[in-house]
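Before reading on, take a moment to look over the chain from one end to the other. The paragraphs below can then be followed with the structure in view.

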Amino acid sequence: MSQSSDDTPTGPIRGRPAVAGGQAHPGAGRATGDPTRRWNTVRDLTAGALLVIALFLPWNLYFGVGIPDSRTDVLAVLGAVTLLSLLSIAVTYVGPWKSSGAARPRFVLNVPYQLLVIAFIVFDAVQTIRSGGTVHVPGGVGPGAWVGIAGALSCAQPVITGSDAHDDRFSGWRRSAQITGYASMFGASLSTAFNLCWRVRYALHPAGGSSGFGKQNIAVIATAVVYGFVALAAVLVASRWLVRSTRASRLATIALGASTLVAGILVWSLPIGRDIDAFHGIAQNTSTAGVGYEGYLAWAAAAAVFAPRTLFGYRDAAPDDESPWRAAARKGLLLIAVWCVGSVLMRTTDLVVGVMLNYPYSRYDTLTLAAFDLATAVLAIWLRVNLANDSVSARLISSLCGLLVTLSVSRVVVGVVLAPRFQEPPNGGGWNNPVYGNNLAQQITSTFDVALCGLAVGILAATIIANRLTSRRLRRQKGQKRRAARARAAKRPATPVPPSAAATTRIRTGPATQTPTAVLSRPAGSPRIFRGDDSATRQIQIPKPKIYRPPQDST
């Protein structure tokens, strides 16, 4: 139906006019694809940057840039697999696979990098078994491997399109993240049991021909048990997020994985990194020196798997759905609370051991450190409980999350400044090794504490986003209620108005220039006054007045 100049217009035609012939607008597909294209570009650039950064970080205590006597052949292999992973990004934009998204080439070209990371894990496992119960330190797995595996897995995933953010093509990647979570928990449990077995064996059968079971044996067993179970608890709490399929678990994993990568880079790069972590950010297996690489590697890998799909999926999600953000924040708060309570337990154990063995310690410093840990744990627990309570002020929650960030950073600072130290001998003592070692008598603060600082920042950001979404949802609900009330009022049937309540017709008066008011004719059905037949009584006989005349006298 067309509108010509002779037709009466029926009002404006809203919306975009249809194109003749049923063809879409030439720029519609491009406009729709631009956000997706930008998102894929950002992901690939981030993955490439991670791969390049991994070249300049240590991969274990005995290999990497900045590690003396690193093997050049291994460095050449690392450079080759890095080039292959970077090539997987290039084939997406140039070459014969450009139109199809290059899903298979991207995956195949990143397999060598993943195999190299697995080789470093196997090398550390073999060294751990061989050197169990000796003074030899295994190589561990450094931040270079964490950053590298995150970049490689980001490159290996297929290109995201506008309609496949939740496609079945990514179901395999979800299963791989779940397998990584289970492997992390199993590996951490196995490492804890192995290290605990060796340390208890050393305590029960001390070397050097010493005999008897004394205070030092008790101290070794108590420290091994407490440290081991605290580290294992942290890995189990965080790695459980990987096996869950909820959006909140994915958001929490992304925050923890990103914080882990930043923490590893900072601890290795900063001069004070060796005081923060005795192994300079290079993670050993779990319970050797706190949280092990079984956790760090798994969290970084899972974050790389979850981030592209989860963050891009929020473009199509409900804009007012704040529940995943609150749930993710509560998960992070649980991890912080568990670790801080464990830190209080470890510091208490070290204080008792220091008193027993006459180690250098300060009751004031130790109690101050424990107070910071306890205050952070109490605040984290309170926030976790009240984040599920809508009656608590959103501004109060956000302010206390900012306080949590401050306390988390303060824990790292005071953990280095107030930690008891051994007196350094003239030859340098614990600083003899160019890579690891320090003179701290208690090494409780670690890379994981720095990672929790980043996680606290993520919790603050998630809380702010959730509060804004909640405010927007409440405003929308109020608007919907007002519109519904108006709609109900419009649909309500009109009640008859009694004659006494009818509106009175008003005749406006004004200057002569105004149009005169039309004369209102009497309605045909207006009521009349009944008058009976009064013809007989129309004239009333009234006697005429008479003049009184007195009688006259005849005389």
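The model is a predicted one, and its chain has 555 residues, of which 42% are buried. The secondary structure comes to 13 helices and 2 strands. When contacts between residues at least 6 apart in sequence are taken together, 78% of them join residues that are at least 24 apart. The accessible surface of the chain is about 32,100 Å², and carbon and sulfur atoms account for 62% of that surface.

A pair of aromatic rings is described by the distance of the centres and the angle of the planes. The structure holds 10 aromatic pairs, and one of them is formed by F279 and Y436, whose rings are stacked, with 5.7 Å from centre to centre and 25° between the planes. This pair links distant parts of the chain, since F279 belongs to the loop between helix 8 (273–276) and helix 9 (293–313), while Y436 belongs to the loop between helix 12 (394–417) and helix 13 (447–491), and the two are 157 residues apart. F279 has a relative accessible area of 14% and is therefore buried.

Another of the pairs, that of Y296 and W299, is edge-to-face, with 5.8 Å between the centres and 90° between the planes. Both residues are in helix 9, and because they are 3 residues apart there, about one helical turn separates them. Y296 counts as buried because its relative accessibility is 2%, and W299 counts as buried because its relative accessibility is 1%. These two residues also belong to one aromatic cluster, which is formed by W146, Y296, W299, W339 and F448.

Where is space left among the atoms? Rolling a probe the size of a water molecule over the atoms shows where empty space is left. In this structure there are 2 cavities of 30 Å³ or more, and the largest cavity holds about 60 Å³ of space. Among the residues that line the largest cavity are F279 and Y296, together with others including D277, G281, S446 and T447, so that the reader meets again F279, which is buried at 14%, and Y296, which is buried at 2%.

The second largest pocket holds about 910 Å³ of space. It is lined by 32 residues, and those closest to its centre are I118, I121, A183, Y293 and L297. Helix 3 (103–130), helix 4 (143–156), helix 5 (171–204) and helix 9 each supply at least two residues of this lining, and helix 5 gives the most, with 12 residues.

The cysteines come next. The structure holds 0 disulfides. C340 is in no disulfide, and the nearest cysteine sulfur, which belongs to C453, is 9.6 Å away. C340 counts as buried because its relative accessibility is 0%, whereas C197, with a relative accessible area of 51%, is exposed.

Two further residues can be followed along helix 10 (323–357) and beyond it. R347 lies in helix 10, and at 4% relative accessibility R347 counts as buried. Leaving aside residues up to four places away in sequence, R347 touches T366, L369, A370, D373, I444 and T445. Y359 lies in the loop between helix 10 and helix 11 (363–386), and Y359 counts as partly exposed because its relative accessibility is 37%. With residues up to four places away again left aside, Y359 touches V353 and G354. From Y359 to R421 there are 62 residues in sequence and 9.5 Å in space, C-alpha to C-alpha.

The last stop is the backbone. Most residues other than glycine have a negative phi, and most peptide bonds are trans. D69, although not a glycine, has a positive phi of about 60°, and H280, which is not a glycine, has a positive phi of about 60°. D69 is found in the loop between strand 2 (63–64) and helix 2 (72–93), while H280 lies in the loop between helix 8 and helix 9. Is each of these residues buried or exposed? D69 is exposed, with a relative accessible area of 76%, whereas H280 counts as buried because its relative accessibility is 10%.

Technical notes. Residues numbered from 1 in each chain as written. Predicted model: local features only at pLDDT ≥ 70, side-chain atom pairs only at ≥ 80, totals over all residues. Heavy atoms only, no water. Helix = DSSP H or I, 4+ residues; strand = E, 2+ residues; numbered from the N terminus. Buried < 20%, exposed > 50% of the residue type's maximum accessible area, 1.4 Å probe, protein only. Contact = heavy atoms within 4.5 Å. Phe/Tyr/Trp six-rings, centres within 6.5 Å; stacked < 30°, edge-to-face > 60°. Disulfide = S-S within 2.5 Å. Areas by Shrake-Rupley, 256 points an atom, 1.4 Å probe, with all protein chains shown as cover. 1 Å grid on protein atoms, 1.4 Å probe; cavity = no way out; pocket = protein on both sides within 12 Å on 5 of 7 lines; lining within 4 Å. Points joined across faces, edges and corners; volume = space filled by probe spheres on them.
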